Amino acid sequence: MTIDLPSLSPCDALVAVMVAVSCSDSTIRTSELVAIQRMVDHAPVFAAYDDDRIRPISQTVMTLFDEEDGVDALFGLIRDALPEKLYETAYALACDVGAADGRLYEGEVMMLAEIRDQLNISRLHAAAIELSARVRHMTV
């Protein structure tokens with residue numbers, strides 16, 4: 001089956017990265033959906049974004065996850081849409097989604113590693129981003 005792939009805006013690509021982390025362990029948790037919506041509502045990068053786009057972007061990500069080379073296609077779309085200056089932003093948003101429910105599941109850990117690799121995030125920068133996500137989502 002061939003999928004007609006949409007072109008993404010930079011903000012669509014950021015949403016796609018967040019949804020990919022949420023979908024990566026086969027369970028989309030409410031806390032992750034709330035985190036995605038909260039970031040779209042409040043992060044400056046999404047100031048002009050139409051959040052009605054979240055649903056179709058989510059559908060595209062889920063459809064691609066069901067395809068044989070879908071993850072590769074997804075990262076091709078993301079790299080085509082996302083300016084390099086937003087690669088670390090994408091990774092930070094992805095880490096926040098992964099940390100939203102208080103723990104990282106194996107699929108999320110693997111997806112974060114794939115995002116680091118695909119977006120060429122340095123190990124040092126990734127560690128700093130991961131630490132900041134972890135401390136933001138600590139509970140008492």
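**The annotated span and its salt bridges**

The end C-alpha atoms of residues 12–127 lie 25 Å apart, and this span is 69% helix and 0% strand. Helices here are DSSP runs of H or I with at least four residues, strands are runs of E with at least two, and both are numbered from the N terminus. An unreviewed UniProt entry places the feature "domain: Co-chaperone DjlA N-terminal" at residues 12–127. UniProt positions follow the numbering used here, feature names are shortened, and annotations may be inferred rather than shown by experiment.

The model is predicted: local features need pLDDT of at least 70, side-chain atom pairs count only at pLDDT 80 or more, and totals for chains, interfaces and linings use all residues. Residues are numbered from 1 along each chain as its sequence is written, and side-chain values use heavy atoms, with hydrogens and water left out.

I turn now to the salt bridges. How many does a search of the whole structure find? The search finds six, a salt bridge being a side-chain nitrogen of Lys or Arg within 4 Å of a carboxyl oxygen of Asp or Glu.

Let me begin with Arg53 and Asp12, which form a salt bridge whose closest N and O atoms are 2.7 Å apart. Arg53 lies in the loop between helix H2 (30–42) and helix H3 (54–65), and Asp12 lies in helix H1 (residues 10–23), so the pair ties together parts that are 41 residues apart in sequence. Arg53 counts as partly exposed, at 30% relative accessibility, whereas Asp12 counts as buried, at 3%. Buried means under 20% relative accessible area, exposed means over 50%, and partly exposed lies in between (1.4 Å probe, protein chains only).

The next pair is Asp101 with Arg29, a salt bridge in which the closest N and O atoms are 3.3 Å apart. This pair links distant parts of the chain, 72 residues apart: Asp101 is in the loop between helix H5 (87–99) and helix H6 (106–118), and Arg29 is in the loop between H1 and H2. Asp101 is partly exposed at 23% relative accessibility, while Arg29 is buried at 18%. Together with Asp25, these two residues are linked in a network of salt bridges.

Finally, Arg136 and Asp96 meet through their side chains in a salt bridge of 2.6 Å, N to O. Arg136 belongs to helix H7 (residues 123–136) and Asp96 to helix H5, 40 residues apart. Arg136 is partly exposed, with a relative accessible area of 47%, and Asp96 is buried at 11%.
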